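Trainee: I am new to this one, and I would like to learn my way around. Could we look at it together?

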Amino acid sequence: MRATEPSEKTVRYAAAFFDNEHDLMAIAAEARLRGFVIQDVFSPYPIHGMDRAVGLKRSRLGWIAFVAGALGLISAILLQVWTSAYDWPLNVGGKPFNSFPLFVPVMFELTVLFSGLISIGVLFMMNRLWIFSKKKIFEGVTDDRFVLVLKQEDASFDNAAAERLFRKYNAIKVMEGDKFV
Amino acid sequence: MAAVIRDHTFNNAEEEIRIQGEIDRITAHAVYSPLREPLIDESKTCSDVTRDISSLIEQPPTRGWWILFGISFALLVGGIIAAVNTVTIGIGTWGLNKTVGWAFGITNFVFWIGIGHAGTFISAILYIFSQKWRTSINRSAEAMTLIAVMCAGIFPILHMGRPWLFYWIMPYPNTRGSLWVNFRSPLLWDFFAISTYFTISLVFWYLGLIPDLATARDRAKTKWRRVFYTILSLGWNGSNRTWSRYETVYGVLAALATPLVLSVHSIVSFDFATSLVPGWHSTIFPPYFVAGAVFSGFAMVTTLLIPVRRVMRLEGYITIQHLDNMCKITLLTGSIVGLSYLTELFIGFYSGNPNEIFVILNRMGGPYAWAYWVMFSCNALFPQLFWFKAFRTKIPLILTLCILVNVGMWFERFVIIVTSLHRDYLPSSWAMFIPTITDVGLLVGSFGLFFTAFLIFLRLFPVISMNEVKGVLHYARD
């Protein structure tokens, strides 16, 4: 799920609607095994195991959170040591200027703050979640519908096979369209 | 992973068996235990959940809501008057004196910060421990947390005397030198801990809200509703790519928020523990404060949710089982608090330090003894009734006990702060603290702010996390 993000510009697609997660998961797995290209699947709640069914790799966001946390930690150390011991050392209760153990609470807090905010920011950027977003929203996905979207990338897309697959898993509705943004 | 075949064939029997095996393997985890109790009313479907929860914010407010809002808002106005009084005249309007320099203000601060511990405990720690029952209550508990932290923040800011110079606590390059803040002071750690806690709790809450805001957007009938929820839902479309990263970040935030929850009240307790005042200077304070915070927070969530589930008809979502679980956590943390009280007593006497022993005897038998015994009975004794199932499942009993815990936890902070200060090392400076009308006005006003903001939350946002509840509908089915 990194560099291989499919371009979502002007691709014809076929979308099938289901009413439960099990059909969606099974058809996603079968469609991928039979060589269809899955644009994406949509659901009202996260479905565990779906990443494996559609063949998504593990997200690297955990590492980003770690690096961001390390950044916060380093910033906190530099900020406190520099201000307290170098820029204007003040004698407070006879404590050493660089009273490192007393800097630990702020180090911890800034680690958490940086890590949390940066991971959320990266999540929003990677998924293009922002206030003027113009994404395609399939009807009912935020209610109780589960949608599989197959990409019809070239002439080799086998309509009959796709239809058979949709029927096998009791699709409620099938629609086609282009310009998937 | 086995090779993918290119031509969508359905003919080759051997291939078919292989594909079917692969599908079975991928979908195999979807096995549920029939022995588990269902988390919510068994007859609900996904669309029921959407309709039940969304309709609460789509219908006009009921008369009951307006009445409650009117009362809360009146209290809030009282608090605003008290705050204006404090700022325009000065801290002299509070009942403080040279001996008791911290009293109601800091008591309220610590009390509200403690209340603010339940939400993130539920959303982070219970998430890490896969406690699926949290899904029905996490949204409202997190909202409560944010509001409680706001209520808490007011008090130290007012206590500064010149609240408009509040930003001086931030380490920014300034024209006074730069004169930097004192990073060795627990009061400064407080600032970092609470602002980080508020920020992380806010983004955590908002992240959980986005899919539900998208539901509200898709159901919106009027233009303004659509604009409001479209902006807030950030174009959420339920795509699996988004869900996948969303879940990762949710897990990361939960992992970060778990130690954060524990750190906030630990750092608040350092305000006391790092001083040399008898009754404050104690290494037991961090765990004791954290347990007390979770204890009071859960009691407050329960106090709020009992009327909410009744008035909004959410009995199918917030079941007796949920209340039972919350009572159990209240019992556990309450027992830790009780144990801490006893440990404090023991260590006080065991230390042989006459000042420590005096503070303990003065708490139990001095002029504020009534406050000590209110605290002790409400926090250490009454919650022990939660050992009995009847007290965890009968609504009036739960509500009574939880309100007692709230009262007891407010008095705990009062006892710690005032009884330690009012009779210190120098008997000639002993004094009593008597709250003024401004003190009481600010306390009542903070409750006004709390309930007003909570009632507004109930009108604007789905009170139960729809997407998470939908995810656990099948918990005991299939």
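Predicted model: local features only at pLDDT ≥ 70, side-chain atom pairs only at ≥ 80, totals over all residues.

Trainee: Which element gives the most to the side of chain A that touches chain B?

Mentor: The contact takes 70 residues from chain A and 64 residues from chain B. On the side of chain A, the elements giving two or more residues include α1(A), α3(A) and α4(A). With 13 residues, the one that gives the most is α4(A).

Trainee: How many of the residues on that side of chain A are nonpolar?

Mentor: Let's set the other groups aside to get there. On the side of chain A that touches chain B, 17 residues are polar and 16 are charged. The nonpolar residues there number 37.

Trainee: Are α6(B) and α16(B) roughly parallel or roughly antiparallel to each other?

Mentor: Their axes come within 9 Å and cross at roughly 150°. Angles over 145 degrees count as roughly antiparallel. The two helices, α6(B) and α16(B), are therefore roughly antiparallel.

Trainee: Which residue of β4(A) is the bridge partner of Tyr13(A)?

Mentor: Strand β1(A) has six of its seven residues buried, so it is largely enclosed by the rest of the structure. It pairs with β4(A) in the antiparallel sense over five bridges. In β4(A), the partner of Tyr13(A) is Gly177(A).

Technical notes:
Residues numbered from 1 in each chain as written. Chains lettered and ligands numbered in written order. Axes fitted to C-alpha atoms, helices over the stretch in contact; angles between N-to-C directions. Helix = DSSP H or I, 4+ residues; strand = E, 2+ residues; numbered from the N terminus. Parallel < 35°, antiparallel > 145°, perpendicular 65-115°, else oblique. Contact = placed C-beta atoms within 7 Å. Nonpolar A, V, L, I, M, F, W, Y, C, P; charged D, E, K, R; others polar. Buried ≥ 20, exposed ≤ 12 C-beta atoms within 10 Å, placed from the backbone. Pairing = 2+ DSSP bridges.
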